[in-house]
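Colleague: Could you walk me through this model slowly, as I am still new to reading structures?

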Amino acid sequence: MWRSYLRLRDGGRRLLNRLPGGPTVFVGLGSNTPSPSRAYVPPTERKRFYQNVSITQGEGGFEINLDHRKLKTPQAKLFTVPSEALAIAVATEWDSQQDTIKFYTMHLTTLCNTSLDNPTQRNKDQLIRAAVKFLDTDTICYRVEEPQTLVELQKNEWDPIIEWAEKRYGIEIGSSTSIMGPSMPARTREVLISHLASYNMWALQGIEFVVTQLKSMVLTLGLIDLRLTVEQAVLLSRLEEEYQIQKWGNVEWAHDYELQELRARTAAGALFVHLCSESTTVKHKLLQE
C-alpha cells in the first residue's frame, strides 16, 4: 500500500504547479447527480478533453486543475481535498487516463466527490453505525458445517484474523454456523464505535467503502491497521468462492476480472483512508526535485 503511495508521490512531482490567470469551471463527473438517498455512481466513459493535470493550494485545501480549469463535483462545488498527498493521488488518476476517460476506474475521485457533496446527507454518527452494522453479517463470522475441507479452511484462514481483532481491540467477536450469525456483545459494538469516532468524516467514507467491498468489518480493520495486505483481505473475503472455483472451475476471464476489480476498489478505499488521515503534507522541495 505504502509503495503505491510513494509511486503516487513521485509521480506528483510534476503535478504541483501554480496556474496563472483565473480558473474556468469544470463540473467533475458531468450531470449524473444522484438522488439524495444514493451515493455517487460515476458515468462510464468520456473522451479526454484536457492535456495537463496539476494541483494548486487554495484557502480550503488542495485543488485539481485540468489545463486551466478547476475540477468541480457533481453538485458544482469546488473539488478541494484536505491533504496534498490525496490531491496528488487524484491528479494521478486524471493524468493516467488515455484518449478516453474511464470514470469507473477513478475510485479516489468518486470517494472525494462523495465526501464533498455527501449525497446521502449522513453525519459522522450515521457513517460509523453503517460500518459497524456489517458486524451482523460479517463474512468471516459465518461458517459452514460441511464439507470438512472447507470447514478447516475457514478455521485456518479466518480464525487468526478474528483472534487478532479480539486482542487488538479487547473485544469478543466469535463465529457461528447458524444462519443468524454469532451474537455480538454490546461492548464489542461500543468499542468499535468509539474507535471509528477517532477518524474524520473523509476517512470514514473510505472505511465504509472498504467494508462494503469486503462485506466484513473485521477484514477492513485488519487492512486499515496494516495487519493484512489488500491481496490477503480480498482473498479472505472470497474464501468460499475461491474454494468452489478451485473445485469446480470458473468462467474464463470473468473470475480474473472480478478479482482485479475488487482489489482495485479495496486498494483505493484503503489508500483513501490513510491519505485522509495524514496530518502532514508532501514537502514542496520533494515535488520540485
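**A first look**

Modeller: The protein chain has 12 helices and 7 strands, where helices (H or I, at least four residues) and strands (E, at least two) are DSSP runs numbered from the N terminus. This is a predicted model, in which local features need pLDDT of at least 70 and side-chain atom pairs count only at pLDDT 80 or more, while totals for chains, interfaces and linings use all residues. Residues are numbered from 1 along each chain as its sequence is written, and side-chain values use heavy atoms, with hydrogens and water left out.

Colleague: Ok, and what percentage of the residues in the protein chain is buried?

Modeller: Of the 289 residues in the protein chain, 48% are buried; buried means under 20% relative accessible area, exposed means over 50%, and partly exposed lies in between (1.4 Å probe, protein chains only).

Colleague: Which residues have the most contacts inside the largest nonpolar core?

Modeller: They are Ile64, Leu86, Trp94 and Leu196, in a core of 73 residues. A nonpolar core is a set of buried Ala, Val, Leu, Ile, Met, Phe, Trp, Tyr and Cys residues joined through side-chain atoms within 4.5 Å. Helix α11 (residues 254-277) gives the largest share of this core, with 9 residues, and the core draws at least three residues from each of domain 1 (53-117) and domain 2 (124-280), with bounds that come from an automatic or database domain assignment. As a general background, nonpolar side chains tend to be buried together in soluble globular proteins.

Colleague: Let's switch to the strands. How many residues of β4 are buried?

Modeller: β4 is mostly covered, with 6 of its 6 residues buried. Strand β3 (residues 53-58) runs antiparallel to β4 and is joined to it by 6 bridges, and two strands count as paired if DSSP finds at least two bridges between them. The two are also linked as a hairpin through 2 residues, and Val53 has Leu66 in β4 as its bridge partner.

Colleague: What about the other neighbours of β4?

Modeller: Strand β4 (residues 61-66) and strand β5 (residues 69-72) run antiparallel and are joined by 2 bridges, with Asn65 opposite Lys70 and Leu66 opposite Arg69. They form a hairpin with 2 residues between them, and Asp67 in that turn has a positive phi of about 60°. β4 also pairs with β6 in the antiparallel sense over 2 bridges, where Phe62 stands opposite Val81.

Colleague: Since α4 came up, which of its residues are buried?

Modeller: In helix α4 (residues 124-132), the buried residues are Leu127, Ile128, Ala130, Ala131 and Val132. Their cover includes α6 (186-196), α7 (201-214) and α8 (217-224), judged by contact, meaning heavy atoms within 4.5 Å.

Colleague: Last topic: is Arg238 buried or exposed?

Modeller: Arg238 counts as buried because its relative accessibility is 7%, and its place is in the loop between α9 (230-237) and α10 (239-248). Not counting residues up to four places away in sequence, Arg238 touches Ile245, His255, Glu258, Leu259 and Leu262.

Colleague: What does Ala233 touch, with residues up to four places away in sequence not counted?

Modeller: On that basis, Ala233 touches Leu214, Leu219, Leu223 and Leu228. Ala233 lies in helix α9 and is buried, with a relative accessible area of 0%.
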